[in-house]
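Me: I have a model open and want to know what stands behind the labels. Take me through them one at a time.

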Amino acid sequence: MKADKILDCVGLYCPMPVIKTSQEIKKMKTGETLEVVADDKGIKQDMPAWCKTTGNECVGMEEENGEIKVYVKKLAV
Amino acid sequence: MAEKEKMTLVIFSGELDKALAAFILATTAASMGMDVTMFFTFWGLNIIKRDKGSIKGQGFMRKILNIMNRGGSSRLKMSQFNMLGLGTWMMKKMMKQKNMPSIDEFIEMAKQMDIKMIPCSTSCGILGLPDDAFRDGIMSQAGAAFFLGQAKESKVTLFI
C-alpha cells in the first residue's frame, strides 16, 4: 500500500504509537495516508479504535516478521 | 465534531504505577480528541508537586508532614513491590529500556496536549499546600463542586 508519510513506532508501547499518530496526522492534509510501523501488538486494536473516535479511516493493516504496518487516511480536519 | 467529548479523572493515589495508568489514559484520550481534566487529590497531589524548591506548609505539623511526604514526580514509589526502593528503581530502569516516558515526561506531554491538571483545594488546605507548591502549568485549585460539574458532562470518569 502506498503512503504519503511513514511514522516509525518500532520499540514503542501503548500509548506512544497512538499519540505520535495523532501528532503526525495533525500536520498532514485531508486525504493523505500515514503508514504507522509498530511492533506492539496492541496497535491492531488501538488504531482502528482511535480512527473511529477521531473520524479518520484505518484503510489497511499488514503484518510481517513481527512488524505491524497500519495505514491511516486523514479524513477529519 | 461539534462539542468535544469530556473525560474527567480523579487521581487520589500518589504511586508511580497508578500515576502511570492515569497519564496513559489521559494522554490517549486527548489524542482521541477528548477534553481531559485531571483532578488531583490527597496522595495524588504528590505527583504534581515540584521536585525541587522549598518545603511548603504553614505551622509545625504541616511542615513535618511535607518533609516526610516530600512528593515530586521523581520520588514516587510503586504501590507494590517497592522493596525499599529497589523495585521502584528496577521498574524505572525497565520502563526506560522499553522507551516508555517517565511520569515527568508524561506531565509535560499532558501540558502540551492541553490537559487540565487541577489540585483539590480541600486537600491543599488541610495539607498546607499553596499554589506554588506545584509545578508550572498546573491550574489553580478547585473543589468538589467543580469536579462534579465536570464529571456530569463527561462521558468517561475514573477514580485512580
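Me: How many residue pairs are in polar contact across the interface of chain B and chain A, and what makes them count?
Reply: The rule finds two residue pairs, both at pLDDT 80 or more. That confidence value matters, as this is a predicted model in which side-chain atom pairs count only at pLDDT 80 or more. A polar contact needs N or O atoms within 3.5 Å, so each of the two pairs meets that cut-off.

Me: How many salt bridges are there across the interface of chain B and chain A?
Reply: Zero, by the rule.

Me: Which elements of chain B give two or more residues to the side that touches chain A?
Reply: Helix 1 (16-31) and helix 5 (103-112) of chain B. Helix 1 of chain B gives the largest share, four residues. By class, that side of chain B has eight nonpolar, four polar and one charged residues.

Me: How much area do chain B and chain A bury between them?
Reply: About 1,100 Å², with 69% of it on carbon and sulfur atoms. In contacts, 13 residues of chain B meet 13 residues of chain A. B:Ser31, B:Met32 and B:Lys98 supply 41% of the area that chain B buries there, more than any other three residues.

Me: Why is B:Glu5 with B:Lys155 called a salt bridge?
Reply: The closest N and O atoms are 3.1 Å apart. The cut-off is 4 Å, so the pair qualifies. Over all chains the rule counts 11 salt bridges.

Me: What does the pair of B:Glu5 and B:Lys155 tie together?
Reply: B:Glu5 lies in the segment before strand 1 (6-11) of chain B, and B:Lys155 in the loop between helix 7 (144-153) and strand 4 (156-159), so the pair links parts 150 residues apart in sequence.

Me: How do helix 1 and helix 2 of chain A cross?
Reply: The axes of helix 1 (residues 16-27) and helix 2 (residues 43-54) of chain A come within 10 Å and cross at roughly 35°. The crossing is right-handed.

Me: Which residues of helix 1 and helix 2 of chain A meet?
Reply: A:Pro17, A:Val18, A:Thr21, A:Ser22 and A:Ile25 of helix 1 meet A:Ile43, A:Asp46, A:Met47 and A:Trp50 of helix 2. Six are nonpolar, two polar and one charged.

Me: What is the peptide bond from A:Cys14 to A:Pro15, cis or trans?
Reply: Cis, with omega near 10°. A:Pro15 sits in the loop between strand 1 (5-9) and helix 1 of chain A.

Me: What is phi of B:Phe81, positive or negative?
Reply: Positive, near 65°, in a residue other than glycine. B:Phe81 is in the loop between helix 3 (60-68) and helix 4 (86-97) of chain B.

Definitions and conventions:
Residues numbered from 1 in each chain as written. Chains lettered and ligands numbered in written order. Predicted model: local features only at pLDDT ≥ 70, side-chain atom pairs only at ≥ 80, totals over all residues. Heavy atoms only, no water. Axes fitted to C-alpha atoms, helices over the stretch in contact; angles between N-to-C directions. Left-handed = near helix turned anticlockwise from the far one by under 90°. Contact = heavy atoms within 4.5 Å. Nonpolar A, V, L, I, M, F, W, Y, C, P; charged D, E, K, R; others polar. Buried area = accessible area lost by both parts, 1.4 Å probe. Salt bridge = Lys/Arg side-chain N within 4 Å of Asp/Glu carboxyl O. Polar contact = N/O pair within 3.5 Å; in protein donor to acceptor, adjacent residues only side chain to side chain.
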